[in-house]
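Here is a friendly briefing to read alongside the model. Please have the sequence and the 3D view open as you go.

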Amino acid sequence: MSYLENINSPKDIKKMNISELEELCGEIREFMIDSVSKTGGHLASNLGAVEFTVALHKVFNSPKDQIVFDVGHQSYTHKILTGRKDSFNTLRQEDGISGFTRPIESEHDIFSSGHSSTSVSSALGLASAKALKGDKRKVIAVIGDGALTGGLAYEALNNSGNLHNNLVVVLNDNNMSINQNVGSMAKNLTTVRTSPKYNTFKSRVTRTLAKLPKAGTQVIRFITSINQKIRKRVYKNTFFEDLGFRYYGPIDGHDLDALIDVFNVAKSHNHSVLIHLNTTKGKGYAPAENNPSLFHGIGKFDINTGEPIVSGETYSDAFGSALLHLAEKDSRICAVTAAMADGTGLRPFAEKFPKRFFDVGIAEQHAVTFSSGLAKNGMVPVFAVYSTFLQRSYDQLIHDVAMQGLKVVFGIDRAGFVGADGESHQGVFDTAFLMSVPDLTVFAPTYYEELSSMLYQAIYKEKKAVALRYPRGCEKDMPEGYTYEKDNYNLFGDENKEVAIVTYGREFNECYAALGELDNAYVIKLNRIKPLDASVCGYLYNAKRIIFFEEGIKSGGVGECFASMLKENSVSAEFKHIAIEDEFIKQASVDSQIKKYKLDKDSVVNEVKGFNG
């Protein structure tokens, strides 16, 4: 690592030549593969972003020129170049550096990120603020073709093209989602337009003509018009130019010479610019190039074979398997995903029933309203989505599904703590916003068997919208002799004891384990958390104290609704609610997060005993 070991800030690459930068890129890839194999992370996207990130820092002056990475999951090279190389082994670890951009880590990280399609909007705001203050330095939004499937990105592009500010959009196209311009003429025209000599000559001619009185202005307008007509003839897709951008591309996103040239051209403009790069996802590591989906977000893996170190069937797998089983017998069932077929366990469904499988791209809002259309015309759509991404479609859930009285089933994956992905991905908010939606039923399975049965109930027993929320990872052992009988709640222990422990979902495992160390408590497990079944109050009138444990946000959560129900039904026991207070959850292992928020077995025991005394 002869070059990388001397890189501590972007300034350290300013004087490096192309040959040295190419060596540096190779070292960054080697360093990244080795590190991520031990920590897990988003590897494929980052391997494809090495050269253009190096070129960005070579040409622009971060943080005065501000670089905004969409999602932030492709910012590893950026992190390495901006002083975090020595802490990279802590990536996604508790108290370590984030897998996404975080301003708290570095002045070079402009926004905290984690969700898709936001970069152009935030960058446009940054650029507009700079323009208002007379600051001519650039703002660069780096967005992938996947993120460009999100509607927010198009709203921002539509707003930005004609503002004549210092915005540069770098479109990292690694999957040909945007049609490639075909033919040698397009390639040659791009080469000419990004040539430093051409741009110097063009600037001189423009300045000379501008000095002429009326004729000079007319000549400039004529030349500009001719240029636009030529580009429309040569380029097969002028979408971005029609929006008001100066478009350059497609450009090889791994060619440092071409990248530095085009970034210098963009730097010289006083107009919105869009640079279209073609890159190879997973470049430089064969397993990631051959299977970029697997290496998009991967846990620890064997660096020699690329094989992931896995821990068995997950809730996602169980959900996908149960849905596939039902779909084999019912042709009305459709599966919908927002670019997460693998992550949500829907890949087997997609392969067996491709016509009933819909991947809408990173467009959760559209996915929900699209599902409402399927439901209106007699299908049974099941939208599998991470809890953190469902947040993006709250309005559609209310307006286009619940208010219409339509039967859409939501499989809410990664509900609760998710661990290493950090603040932007924790699934702790869905209960609070789901509890407020009329005509919506919400189930909270703890075990795979319950998940399968509740999915059947959702499809065949409920008449309106239904959500099933389940956690990340694998199930734990069920209590001996327990079988889910489609009850809204279950009682474990003697209801005549003084303390009632109430909970739902994964947290039941911790509460049930604690029961073995408590002499005067019993547990109520809620299976349906919305609407709450008031008959449960019959098992609480004799309790002196009720303590509710919840792996979710406290404000507006299930525990608060449960407390309200107790009061309405004249349950007089003292009530205590253990849940997540008004804060965002930092990255750590799930076990560590459960312990930190007093939801592990030992904390349950201590809280109950303390509540007694």
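Is glutamate 449 buried or exposed, or does it count as partly exposed? Glutamate 449 counts as partly exposed because its relative accessibility is 39%, where buried means under 20% relative accessible area, exposed over 50% and partly exposed in between (1.4 Å probe, protein chains only). This is a predicted model, in which local features need pLDDT of at least 70, side-chain atom pairs count only at pLDDT 80 or more, and totals for chains, interfaces and linings use all residues. Residues are numbered from 1 along each chain as its sequence is written, and side-chain values use heavy atoms, with hydrogens and water left out.

**Around glutamate 449**
- Glutamate 449 sits in helix 19 (residues 448–460); helices (H or I, at least four residues) and strands (E, at least two) are DSSP runs, numbered from the N terminus.

**Cis peptide bonds**
- Most peptide bonds are trans.
- Between glycine 249 and proline 250 the peptide bond is cis, with omega near -5°, and proline 250 belongs to strand 4 (residues 246–252).
- A cis bond also links lysine 530 to proline 531, with omega near -10°; proline 531 is in the loop between strand 15 (528–530) and strand 16 (545–553).

**Positive phi values**
- Most residues other than glycine have a negative phi.
- Arginine 92, not a glycine, has a positive phi of about 65°; arginine 92 lies in the loop between helix 4 (76–84) and helix 5 (119–132) and counts as buried at 11% relative accessibility.
- Alanine 339 also has a positive phi of about 65°; this alanine is in the loop between strand 6 (333–337) and helix 14 (347–352) and is partly exposed, at 36%.
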